[in-house]
Amino acid sequence: MSRSVEVTVSRPLGELLEFICYVPFRVAASLATIGFFVLAAIAPKVLQTHDPLAIDLSSSLQSPSIVHWLGTDQLGRDLYSRVLEGAGQSLAIGLGATALSMSVALILGVAAALSGGLLDSILTRIFDVLFAIPTLLLALVFVTVFGPSVLTEVIAVGIGTAPGYARMIRGQMLSIKGTGYVEAAKALGHPFPRIVWRHILPNAMSPLTAMVTIGVGQAIIWASGLAFLGLGVAPPAPEWGALLNAGRNYVIYAWWLEIIPGLAVTIFALSLTIVGGHLQDRLEGKI
Amino acid sequence: MLSPTARPTRRFTGRSNHLARKMAATLAVLSGLSQWTPSVHAQEGVAVKRGGVIRYGHFQEPACLFGGWVQQWYLQRQYSDNLVARSDDGKIAPWLAESWTISDDKKVYTFEIKPNVKFTDGTALDAQAIADNINGWLSNNPDLRNPTAAPYLSDSFELAKAIAPQRLQVTLKVPFEPLLNVFAQSSQGILSPTALKRGLAVNCEKPVGSGPFIVDKWRHGREVTFRRNPDYNSAPAIAKHQGPAYVDGISWKFLPDQTVRYGSLITGETDAIYDIPAVAWKDANSRFAVLRHITGGTPLRLALYAARPPFDDVLVRKAFAYSTDRKAAVDTSFLGSLPFEGNGALSQSSPEYLHELGQAYAYDIRKANQLLDQAGWTERDRNGVRVKNGNSLTVRISYSNAFLKPDGEQALQVIQQQARAAGFDVRLQPTNPADFFAGRNLGPDDYEIVLLYWVAPGAEIFRISWKPDQNGEPNRFNPSRFQDSALWEVIQRAEQDFSSAERKGLYQQAERKIVDEAPVIGFTVLDVTLATSPSLKDVWLDHGSVGEPVFYDAHFDERK
């Protein structure tokens, strides 16, 4: 006698499984890559094969091998372990800078959209002026004035990218402000703060979820650019941009020192972009 | 350095004797200078190809085309002439001065100036023009003051004046034997007094000298172009030929990235490059003509701030030196292309260099630990960093790539790790050149160690580095802040001693004391390297000065 067993899957879990089943391969691969780097950032020792700061002068400039999977640098440090160690700082800068820029953008964008009138004009002009200054230049000035460190890199990149987000948030808020359901809520006599909180903000933020994901990758690239120019964290920290900067002097004779950190930045930023793009498509109902 | 033949052997007191002595001394100098008649150019007898523009890739771009930084000297060497030159073996040779005499009391130098020389703006280069330059160097006029000459000469210089159209007299308050060495450095190139009246800003952009090339245009961030001075008639006696330069000009490109710079030579986009990267050293030697000069003066060294803890204690300074295997760090980081220098006081190309100090403070971690224990740094925190009275043994190293090649930063990371084993918490403070020159990370509380050099032909550099603060005015060229009156006394005695052997002995006495007190620790030699394409001939480095590249004698071979 057989007994049939009915398994009930909760709705959110079901949605997640459905998402996983229907996720395209490129997105799955990107998620796996992000997961790998996040694990490296949270618990680098789990994945590292060597001490990333340990100098071994007898193993200088070794090409990739079984012992050193991605080769060694001039001081004999294991490049694979250094790239993983650098993931923590790069990710922290990416997330921190994006969080900062989103926070600044949210306050200014919402204030501009909701206030209208003179304040809106002033804030919009400020966005325009800041937008006219290249992000890297703005970040360069900031780091030059306040000195290089993880915190200044976060602030520099965060402030540098904030005008773009602020403009986007303002536009979203304005478009939603004039929609029928907001007008309906007003007609029903809901207080304006409640309308903003319940209707405008959630609908304005949804498209930004994807932008934030992409923005993290972009912020990592900006931060790496700063470090590449020698304005990042001090040695021997293996932040990805700093690794690229150190490797460029050996690009002809020890390709791995430049290619590997470059690939790490590219692959991680690309993965975030792919996932962000996928999220955007889903939220816009394209898939 | 005075030519040995120029030194009067007797002291005359009577007026007639005085004149006779001067004539004898002049004749002696002139006879001795016969060795300085222009040497036969290697290419003479064979037609030297004229024309072409040398495309030269350089490392750093200064803010002005003349000044106190050696990068400015390199440029100035192309467009200005000096009063005297210094040969490879340290002898002073004629340049704008055809001959000179020195008074018995060693305070009055009289120079006979080469006739018919003009600056490239048409101003006559006579004794008055040179006097105007020298007086300006030592004046308080910011447009004229010379940041290299002033610290050397401000204590001894009294006046320069033209006592005849072609006769210059320089009077000192006290004897200063290295005077001619100072005059021979490119930073003391003579500039047109007419042009100098335009002000510093204009002169920085387009200085006017009497040299073999004329500054044509400075495209900031890209290049300085020089064109040949067709009327050049004032080459130094150490040059390989006389008359105008062979090439039409120089395109002095600024290529700060070493890979790009070396790559430009490989691809033929440049004819010569400065500062061969360590990683390309072997390759460059197999493919190109390589020139190298190890500069005199100080090596590239670690200056330890000795005026406050922890390095106010000589035991801690020595402990830091012993705790770091600087030789291994330099050998590895520079891939064997750059020699280690353990003598922090003086560079190995200086005549007064003591070889036995070249390996001073060789790596000895046991000794480092003993010294730190002895100094009272006996406790350690959980990270292994030594602690004394609640203060950690933290050492911040300030440096800039204005002074340190990229490979040098790797060497500092080795030092950072090695010193940790002895209980030092070493933190690196990289600073970009603009900030570094603006004084960032160089304030009294900003660093414990700073990495610096100062080039000079020899031990006269001690005056710059170790002159004690005067009347509350700090000596800004002494980043270790180490002040020792006994050391200063020895240095001054050496400067006033015109006997070669005794002066050398005094300088070496000072050298030993500096190394023994360890306010500076040796790191690497500072070298000038040039790689030139096979088609470019007769480029040379001015070994007698500080290794400035000289393109005056250069020419392309017939095949190009």
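Guide: One term to begin with: helices (H or I, at least four residues) and strands (E, at least two) are DSSP runs, numbered from the N terminus. This is a predicted model, where local features need pLDDT of at least 70 and side-chain atom pairs count only at pLDDT 80 or more, while totals for chains, interfaces and linings use all residues. Residues are numbered from 1 along each chain as its sequence is written, and chains are lettered from A and ligands numbered from 1 in the order in which they are written.

Visitor: Okay, show me a helix residue. Where does Leu263(A) sit?
Guide: Leu263(A) is part of helix 11 of chain A, which covers residues 256–283.

Visitor: Zooming out, how many helices and strands does chain A have?
Guide: Chain A has 11 helices and zero strands. Its C-alpha trace spans about 80 × 75 × 25 Å along the principal axes, and 40% of its 287 residues count as buried.

Visitor: Which helices of chain A cross at roughly 145°?
Guide: Those are helix 4 (residues 79–115) and helix 9 (residues 192–228) of chain A, whose axes come within 8 Å. Axes are lines fitted to C-alpha atoms, for helices over the stretch in contact, with angles from 0 to 180 degrees between N-to-C directions.

Visitor: And what touches what there?
Guide: Helix 4 of chain A brings residues including Ser90(A), Ile93(A), Gly94(A) and Leu114(A), and helix 9 of chain A brings residues including Val196(A), Gly215(A), Ala219(A) and Ser224(A). Two residues are in contact if their C-beta atoms, placed from the backbone, lie within 7 Å.

Visitor: What kinds of residues are in that contact between helix 4 and helix 9 of chain A?
Guide: They divide into 11 nonpolar, six polar and no charged. Here Ala, Val, Leu, Ile, Met, Phe, Trp, Tyr, Cys and Pro count as nonpolar, Asp, Glu, Lys and Arg as charged, and the others, Gly among them, as polar.

Visitor: How many residues of chain A are in contact with chain B?
Guide: 15 residues of chain A are in contact with 19 residues of chain B. The chain A side of that has 10 nonpolar, four polar and one charged residues.

Visitor: What is chain B made of?
Guide: Chain B has 17 helices and 25 strands. Its radius of gyration is 24 Å, close to the 24 Å that the globule rule gives for 560 residues, so chain B is as compact as a globular protein of that length. That radius is taken over C-alpha atoms, and the rule is 2.2 Å times the number of residues to the power 0.38. Buried residues make up 52% of chain B.

Visitor: Which residues of chain B are joined by a cis peptide bond?
Guide: Pro309(B) and Pro310(B), with omega about 0°. Pro310(B) is in the loop between strand 13 (300–304) and helix 10 (314–323) of chain B. Chain A has a cis peptide bond too, joining Pro235(A) and Pro236(A), with omega about 10°. Pro236(A) is in the loop between helix 9 and helix 10 (240–247) of chain A.

Visitor: Why point those out?
Guide: Because most peptide bonds are trans, and most residues other than glycine have a negative phi.

Visitor: What about phi at Ala518(B)?
Guide: Ala518(B) is not a glycine, yet its phi is positive, about 55°. Ala518(B) sits in the loop between helix 17 (500–517) and strand 20 (520–524) of chain B, and counts as buried because it has 26 C-beta neighbours inside 10 Å. Asp538(B) also has a positive phi, about 60°, but Asp538(B) is partly exposed, with 19 other C-beta atoms within 10 Å.

Visitor: Last one: what is the mean pLDDT of chain A?
Guide: It is 85, and 93% of the residues of chain A reach 70 or more. pLDDT is the predictor's confidence in each residue, from 0 to 100. Where pLDDT is low, the predicted coordinates should not be read in detail.

How values were computed. A residue is buried if 20 or more other C-beta atoms lie within 10 Å of its own, exposed if 12 or fewer, and partly exposed in between; C-beta atoms are placed from the backbone.
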